[in-house]
Amino acid sequence: MTVQTFIPSAVKAASENTVTQPMHTADVSIKKLYIETQGCQMNEYDSHRMADLLGDSHGYVLTDNPNEADILLMNTCSIREKAQEKVFSGLGRWRKLKEQNPDLVIGVGGCVASQEGDNIQKRAPYVDMVFGPQTLHRLPQMLDQHQAQVEKPKKEKIKLVDISFPDIEKFDFLPEPRVEGFKAFVSIMEGCSKYCSFCVVPYTRGEEVSRPLDDVLAEIAGLAEKGVREISLLGQNVNGYRGETFDGEICTFPELLRLVAEIPGIGRLRYTTSHPLEFSDDLIQCYRDLPQMVSHLHLPVQSGSNDVLQAMKRNHTIDVYIDKIAKLRKVRPDMHLSSDFIIGFPGETDANFAETLQFIKDLDFDHSYSFIYSKRPGTPASDLPDDTPEQVKKDRLAQVQQVIKQSSIDKTDAMLGKIERVLIEKVSDKDPNVLIGTADNTRLVTFIGDAAWIGRFAEIEITEIKTLNLVYGELLNLEPDVA
């Protein structure tokens, strides 16, 4: 399980996805908020919105130091085994801060909160608020309720727990997103209805619910007006988007992409996380028709064995996946592909793993999120017998990661001499004459340039490979501002 501290960009400048408020440490009267974010980009997005909410409603600003915070929020992830215990371990550290400062407010949100509910407060009674992914917009009201109870006798206090699934309601109450930089995430749907046997998401985030089309387009248009040039659309099953239009019709994901591409200022489009079943021919045609679509796709497959896919209830075969990628690469030959792989799923044999390893080699993945299977309580796969030794699973994972790492190295090396379209994002800290941007394939590209170009796209010829994720280049062409 990945754990990230949600902190201001001035402190965490290396994180390209962090959108935060500046920290005002000089004024001791300012109320401070600390957010620890675990897991996926959806959680990162939710943490941003929590900060926006409490900043707008109660004047809280973010801090990177939990010791100076007035509120501690833990945005949890339940994708890995023993996630609950890791949450309670973290809360144990926060308990000491609460003992030192009884006025400190502690809240737990995210998927573990959705799973555990009031059990969190039973095990950790010093936790003041528990909220789910779909109810984070109610944080200001929950905080008001908590503050109103502070002076009450203990027996009169009520438990502040809200882990309901009020559809897409939260987006109606979230403030306008703050903008720092030229990239932004936009959540277009919540939940998942696929019910893969290993996955807890449908139980913690609910069934798939799409935001209305007009709301999504209005948010993106507003971001573009503020200088955002790259949009990443988010959802647990993002390409399954089916948003209602103003006249009661349904807009599909490919139709949404075409509409977003028409918004002035948006020069680049990404999305995550998608599902092979929803990767339609219409979506593939978007890569043919829309230059804003990056030549980079994250399409989770989980295994290269049909037997394992069936046990996972993925409802597709390897041939289906391969066929879709072949069609995609026909219209975008330079496509960089990444995926998710679960290694050591219950019942995975040596032969099954060999199929997965060969599949990875054949598809030539750029990178992946790969990990050993973790049993999640309440999922069908948690009842499957698992007799594969842990060391065998670790050895298999190491083989997968080595193959994909070498493929990633090869793809970076192959950039030498190529021309890449780069979004210029900032000036190097080391040299004011050096600019830094990102290519379609997510590599950082540095080159000599003028700071006035920041926020624009440029064609850069790659002249040197520095590391796996960093290349040097020379400017060939500076595109006009797309606004």
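Which residues form one aromatic cluster with Tyr321? Select Phe341, Phe359 and Phe365 together with Tyr321, and you have the cluster on screen. Keep in mind that this is a predicted model.

**Stop 1: the domains**

Domain 1 covers 32-162, domain 2 covers 169-414 and domain 3 covers 418-478.

**Stop 2: the interface of domain 1 and domain 2**

Show the residues in contact. On the domain 1 side there are 25 residues, and they touch 30 residues of domain 2. The two domains bury about 2500 Å² between them. Of that area, 52% is on carbon and sulfur atoms.

How many salt bridges does the rule find across this interface? There is one. Next, select Arg205 and Asp46. These two residues form a salt bridge, and their closest N and O atoms are 3.3 Å apart.

**Stop 3: aromatic pairs**

A pair of aromatic rings is described by the distance of the centres and the angle of the planes. In this model the count comes to eight aromatic pairs. Start with Tyr34 and Trp94. Their ring centres are 6.2 Å apart and their planes stand at 80 degrees, so the pair is edge-to-face; the cut-off for that label is over 60 degrees.

Zoom out to see what the pair links. Tyr34 is in strand 2 (residues 32-38), while Trp94 is in helix 2 (residues 83-100).

Move on to Phe253 and Tyr271. This aromatic pair is also edge-to-face, at 5.0 Å centre to centre with 80 degrees between the planes. Phe253 lies in helix 8 (residues 253-261) and Tyr271 in strand 14 (residues 268-272). The pair therefore ties together parts that are 18 residues apart in sequence. Both Phe253 and Tyr271 are buried.

**Stop 4: charges over rings**

Select Arg123 and Phe88. The charged end of Arg123 sits over the Phe88 ring, 3.8 Å from its centre.

Then go to Arg421 and Phe457. Here the charged end of Arg421 sits over the ring of Phe457, 3.9 Å from the ring centre.

Terms used. Residues are numbered from 1 along each chain as its sequence is written. This is a predicted model: local features need pLDDT of at least 70, side-chain atom pairs count only at pLDDT 80 or more; totals for chains, interfaces and linings use all residues. Side-chain values use heavy atoms; hydrogens and water are left out. Rings of Phe, Tyr and Trp (its six-membered ring) pair if their centres lie within 6.5 Å; planes under 30 degrees apart count as stacked, over 60 as edge-to-face and the rest as tilted. Helices (H or I, at least four residues) and strands (E, at least two) are DSSP runs, numbered from the N terminus. Buried means under 20% relative accessible area, exposed over 50%, partly exposed in between (1.4 Å probe, protein chains only). A charge sits over a ring if NZ of Lys or CZ of Arg is within 6 Å of the ring centre and within 35 degrees of the ring normal. Domain bounds come from an automatic or database domain assignment. Contact means heavy atoms within 4.5 Å. Buried area is the accessible area (1.4 Å probe) that two parts lose on being put together, summed over both. A salt bridge is a side-chain nitrogen of Lys or Arg within 4 Å of a carboxyl oxygen of Asp or Glu.
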